[in-house]
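My notebook is open, and I want to look a few things up in this structure. Come along and check each entry with me.

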Amino acid sequence: MKKIAVLTSGGDSQGMNAAIYAVVRMALDNGLEVVGIEDGYQGLIAGSVVPMNAKSVDGIIHRGGTVLRTSRCSAMKTDEGQNKAYKTLVDNNIDGLVVIGGDGSFQGAKILATKFGVLTMGIPGTIDNDLAYTDFTLGFDSAVNAVMQTIKMLRDTMSCNERSCVVEVMGRNCGDIALHAGITSAAEMIIVPEVRCSFEEVVARLKYNLEHGKKDNIVVLAEGAGKAVEMEAKLKQALPINLRSMVVGHLQRGGDASYADRLLGVRMGEHAVQCLLDGKTSRVVGIRHDVIIDEDIVEALSKRKSFDLNLYNLANRLVNSY
Ligand code: ADP
Ligand code: F6P
């Protein structure tokens, strides 16, 4: 093992830069040459390879986004794209690759490992926290903090107008951002794709709250469970309610990485480099009970993520007593 590469792919997330920082510095500390691949798999296919040194990662540990940039690249799903990606690695004498991204990006990493024998390690970078094999993914903590901050500001204006608001948050098909930001913002309702909640139940809850003098309700809606603007329209038809809606959107992916994401990025980056040095391949790094682990990529991707029903039930009980 002489030279490794690192790339970021899919939706960016806070903590990706911390992981890049650690991969580069740990590679150098171990006497390896290290390069960055720009723009995810798009750059790997196009041959966008940049040398990295200690200075390249100065001042990035806290920053959101990714200094290597990212992309969604359909060409990586084709034989032609995959062959070109492999050629870039061969042409640049790259012995090992660290892919920082979500489950889609891990599929690409798996192909490079299994089809071409590239030593490949994955680091979970996605705000969604939708990977079953790891307790946390990079960016989740920062995204939850961003949503909490948004709801805190929103409550100021909503409460003095006796107004309620449906707040749509990201997470694709996973309700973790909604659950964790919702419970820590004392949201009056949390709606997630993992737990069935009929429209009638939403109406009943808000009706009860309004009748008991709670006029400024925050309903956190995971994007996988519906659209805020549509729910606003339907609720206004069903209830005499002063209501607005908002989509937190990409703000959840912006801003500095939290302490937790910086530390996680650094720990995972170090572990990925160590695995490559140990000759491990086709594995993904994760964290379980605060221990950094690595697991076979196929096994990790085949696991079904479980939803924290206890936390969800607690969130409901905390707002039951009006
Ligand atoms: P994430 O990694 O955040 O889940 P995507 O699902 O968009 O994001 O995947 C990121 C990229 O990973 C895709 O744009 C594509 O380049 C690559 N990718 C996704 N699925 C596959 C697949 N089945 N085979 C090869 N590459 C894939
Ligand atoms: O997977 C990360 C994520 O931010 C999801 O939460 C969201 O559904 C999606 O990416 C948004 O994608 P884009 O950045 O392409 O709009």
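**Entry 1: Glu295.** I looked up Glu295 and found it in strand E11, residues 291–296. Helices (H or I, at least four residues) and strands (E, at least two) are DSSP runs, numbered from the N terminus. Is Glu295 buried or exposed? Glu295 counts as buried, because its relative accessibility is 6%. My cut-offs are under 20% relative accessible area for buried, over 50% for exposed and partly exposed in between, with a 1.4 Å probe and protein chains only. Next I listed its contacts (heavy atoms within 4.5 Å). Leaving aside neighbours within four places in sequence, Glu295 touches Tyr133, Ser282, Arg283, Val284, Arg288, Ala300 and Lys303.

**A note on my source.** I am reading a predicted model, where local features need pLDDT of at least 70 and side-chain atom pairs count only at pLDDT 80 or more, while totals for chains, interfaces and linings use all residues. Residues are numbered from 1 along each chain as its sequence is written, chains are lettered from A and ligands numbered from 1 in the order in which they are written, and side-chain values use heavy atoms, with hydrogens and water left out.

**Entry 2: helix H6.** Why do I call helix H6 (residues 176–183) largely enclosed by the rest of the structure? Seven of its eight residues are buried. I noted them down as Asp176, Ile177, Ala178, Leu179, Ala181, Gly182 and Ile183. These buried residues pack against helix H5 (140–160), strand E6 (164–169), strand E7 (189–191), strand E8 (218–222) and helix H11 (309–318).

**Entry 3: cysteines.** A disulfide is a covalent bond between the sulfur atoms of two cysteines. I searched the whole structure for sulfur pairs within 2.5 Å and found zero disulfides. Cys160 is in none, and the nearest cysteine sulfur, that of Cys165, is 13 Å away. Cys160 is exposed, with a relative accessible area of 61%. Cys174 is in no disulfide either, and the nearest cysteine sulfur, that of Cys197, is 17 Å away. Cys174 counts as buried, at 4% relative accessibility.

**Entry 4: the whole chain.** I counted 11 helices and 11 strands in the protein chain. Buried residues make up 52% of its 322 residues. Among contacts between residues at least 6 apart in sequence, 75% join residues at least 24 apart. Finally, I checked the box that the C-alpha atoms fill, which is roughly 70 × 35 × 35 Å along the principal axes.
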